[in-house]
Structures are given as C-alpha cells and as structure tokens.
Amino acid sequence: MAVESTTDAAGRSPSELSIAIIGAGMGGLGCALALAKKGFTDIQVYETASNLGFVGAGIQMAPNLVRILTRWDCWDKIAADSTDVRETSIRDGASNTELTHVDMGNIRDKYGFPHCTGHRASLAGGLYDGCRKESAITFHFGHALVSVDTFSPKPTFTIQTRDSRTRQVTADVLVAADGVKSLTRNALLSQLGLAAEAEPTGQAAYRVMLPREKMESDPDMMALLDSNQVTRWIGERRHWIAYPIHGRQIYNMSSIQPDVNFEAPSLSATYTTKGSKSAMLSVFDDFCPLVKKMLDLVPDGEVCEWKLHVHKPLPTWSHGSVALLGDACHPTLPHLNQGAAMAIEDGAVLAEVLARVPLPASDSMGEQTARAISKALAVYEELRKERTSTLVDLAAFSGRTLHLGEGKAKEERDRQFAEAKKNGGNVPDKWASPDVQKMIYTHDCMQVAAERFQELYCAATAES
Ligand SMILES: Cc1cc2nc3c(=O)[nH]c(=O)nc-3n(C[C@H](O)[C@H](O)[C@H](O)COP(=O)(O)OP(=O)(O)OC[C@H]3O[C@@H](n4cnc5c(N)ncnc54)[C@H](O)[C@@H]3O)c2cc1C
C-alpha cells in the first residue's frame, strides 16, 4: 500500500521511516496496525510482558472505535464475539428502581456502526491478529524500555530483556504507548524541565465476571445476561456497570468506589491487583438484593481491583521525534468508556499524519528529517488534544454526577433522569446521553486528520 506523501513529490517516502512503539496495549497495537495499513515497512513493538496478557474483563466498543476497526479489516472477528447494545438502564443501587432508560436501538442506523460490548482479550486479539498479518510489524515481547537516551535527531532508547540484558536501539520515530505509568512521559517532561506524575483519583474499580452456568438458576439474572442492555446501579460515591460479553456466556460487572481497600505490595504496570471478595461485598452491602446476589456468585480469588489514576493535562505530548499516545498522555476515568477508543484513535491519527510528512530527498545528518517529524508530531497533538481533553473532563464530570449523595443536586439529577425516561432526550450519565454520543460517534478522526494535515503542518512550519 502506498504512503500518501502529498506534500513533497521529490522527497523520500515516509514509509522508509523506522518506527519504534513502546507497549502492546490497545494504543500500541492500534498504532502498529494503523502504520502498517498506511504502508510503513519498519515497525518494531517492544512490550514488557511476555504476551498480550489482558486483564480478564469486558470493554465497551463505541461506533467511533468500530469505524476504525472496520477500516482495518479486524472488526468482523471481534464482532463475532460481541453483543450489540440496544438499551441502557440506570437504576438506584439500593432499591433497583429504574431512574431512566435510554433506547439505543438506532445507534447503528444513526452512526453507521454499532455500539458493542465485548471481551478485552477479543479486542486485543483482533488487533494483534491484524498486526500479525502485516510483515512490517515485529513484536518484541519480554522487552522493557528502561530509558530514553536521546530525543533528536533520531531517538535512542535502552531496552532490557527478561534475562536482564540491555541494548540501545535507534529509530526515526519513538511512539510511547506505555500506559498510565509511562516511563517515556516522565523522561520527556524531565528533559523539558517539567514534571507531571500520575495522580491517584481516590477511586478504585472492581472487575468481576460471572459465567452463564452460575446465573442459570435465577430468572432475574438471566434476563440481564440475555439482554442487549448495559445496566448501571448507582449510589453515593459508588456504582456498578454491567453487560453481557463473550456471546452472552459471561456477565461482566465493573464498579467504582472510594479507593480504601486496594492493597498490593507494589503497583503493577496497570495498577491492578487481586481484590478481596469480602471487602467488595462490604463496600456494596447496602445495594439491592439483585446486585448482592450476583456479587455473591463471584468465586473467591477472582476479584480484580484497579487503582484509578489520571494526571493534569500535559504541556506537550511530544519532544523531538518522540510522541506519547493513549493513557501515557491522557488517562481517564472510565465513566465514558472511551479510554481504549481514544488510544486507538491516537494511533490512527498518528499514522495519517506521519504518512503525509514531507521528507527531503537526501539528508545525511538527519536534521531536516527530524525537524519535519517534530512538526508532524505537533500536528498530531493539535488534532487530538482538544478532543481527548473534552472526553476526559466529561468522564470526570459524569462520575461526580453519578456519585452524588442526598441533597438538592441529586434531586435535580434524578428529576432529569425521570424527565428523559418520560420524554426522551439527554441524560446526566454522559456516555448514554444522545448529545454526547452524537459528538463522540460522528467524529471520524482519520478523515479529519487527512483533511487538516496540510493546513496544520503549514501553521507548524510558520511557527518554527
Ligand atoms: C475500570 C476500567 C474500565 C474501562 N472500560 C473501558 C471501556 O469500556 N471502553 C474503553 O474504550 N476504555 C475503557 N477503559 C480504558 C482503557 O482500558 C484504557 O484507557 C486503555 O487500555 C489505554 O490503552 P493504552 O494502550 O494507552 O495503555 P495500556 O492498555 O495500559 O497499555 C500499555 C502497555 O505498555 C506496556 N508497558 C508499560 N511500560 C512499558 C515499558 N517500560 N516497556 C515496554 N512496555 C511497557 C504495558 O505492559 C502495557 O501492555 C477502562 C479502564 C478502566 C480502568
């Protein structure tokens, strides 16, 4: 596939650029596949873990993500294991009374792509299978980035293998998709004399999965499992969100609650640990019998707990020929279900941008090439920052609204839920609100990048 270098017909093709990606999470996999689909021929992915190793949990895949996966020819296999979401029910956690109900049956017609729930492993597996079909992509599992040594003209970085051997690697572009604990982010900011450590949010999440056979004897549970519904039970400072995944063989439940029980000797790369079932039950002991009945079914030892982190917006996402992507630069609370989607969109946009970077025909020192790449990375940030900041802020706002305690603000929220239940319209739970869905789902990030590259690259050139 030809790279779309539209700006300098006489120059080198960007497809010759060597790209190193740190992290084979959702963002790293998406970025590798996006670059290969644009014709890049040398894409090296370094991942600390010895395999994909995704937390066993569900994930919501909204139309803006499905659009991209469809273009990359990897949606059909993921879809086979997914469930279409046609409705959402938001309920009071203590009483199970429905506060509002949003019909989502028309999402596919409205936006051209469905909103689905699925297994994280199936999304990651679909992306990975797509990557494996591309000879341009090489995976290096069990290879951890330990330092970024130079940022320009060609980034150099040190990789450590499982047997503690280290080697220095050079690439034309280094993409850091190394997640919320990003080492590259810290290196990049410290190079610029800045600091922005990830901050705990004071919130944690439990993730549990109920197999169909455990639910079979209970008609209320089976009604949820056999539905096309996402259900949220909300209470003060806590909630559960749940939906069927894996061909309705699993009911996936994830919560948010104050971060008081998380205990781990050291924090893993993704801030996850094994949670205590009894602690989980006590956090939700005033929730309705239906929720408690489901939590009771969870086998001991199968509660996963995530400590949720964010950080303040970064002053920059790139330096020299090094760029950040996904949770490394805009970690988010999960209330909008867009974290993985944003990471994958970032990769798609980065590929659109790098495929258009005008390169000089010859550049023995590599400095002109590095300058062009650096401007292209500024264009990538320009294309992505406003959208990701808006979504991160909306997710935080939605969390505050969902977790209100008794008082006037909660009364008003519940009035709005009731009004929407009666007459339709927008709801305070932002992910389910038609106005927010429209804003998120109609955005075709690849098309916008293609349309705006030239104008933004010229502006970046004028500024430099
Ligand atoms: C409770 C919860 C529910 C969520 N639900 C949804 C949802 O429904 N929909 C949605 O779109 N998003 C959801 N998200 C968000 C989503 O999971 C993340 O935003 C997304 O996984 C971020 O992808 P990433 O590739 O940036 O980071 P990650 O997925 O964290 O991947 C980073 C990768 O980099 C590797 N790595 C780290 N450091 C190094 C190093 N030094 N060297 C080499 N490799 C390294 C890690 O091992 C990891 O594989 C949810 C998040 C949470 C916490």
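The largest nonpolar core of this predicted model comprises 136 residues, a nonpolar core being a set of buried Ala, Val, Leu, Ile, Met, Phe, Trp, Tyr and Cys residues joined through C-beta atoms within 7 Å. Here a residue is buried if 20 or more other C-beta atoms lie within 10 Å of its own, with C-beta atoms placed from the backbone. Ala32, Val175 and Leu325 have the most contacts inside the core. Helix H12, spanning residues 367-402, gives the most to it, with 14 residues; helices are DSSP runs of H or I of at least four residues, strands are runs of E of at least two, and both are numbered from the N terminus. Because domain 1 and domain 2 both give residues to this core, it lies between them.

Turning to the domains, whose bounds come from an automatic or database assignment, domain 1 covers 14-83 + 121-198 + 313-418 + 428-463 and domain 2 covers 199-310. Their C-alpha centres lie 27 Å apart. Domain 1 brings 22 residues to the contact and domain 2 brings 29.

UniProt, in an unreviewed entry, lists residues 17-36 as "transmembrane region"; such annotations may be inferred rather than shown by experiment. In the model, this stretch is 55% helix and 25% strand, with its end C-alpha atoms 12 Å apart.

Residues are numbered from 1 along each chain as its sequence is written. As the model is predicted, local features need pLDDT of at least 70 and side-chain atom pairs count only at pLDDT 80 or more, while totals for chains, interfaces and linings use all residues.

Terms used: Two residues are in contact if their C-beta atoms, placed from the backbone, lie within 7 Å. A residue is buried if 20 or more other C-beta atoms lie within 10 Å of its own, exposed if 12 or fewer, and partly exposed in between; C-beta atoms are placed from the backbone.
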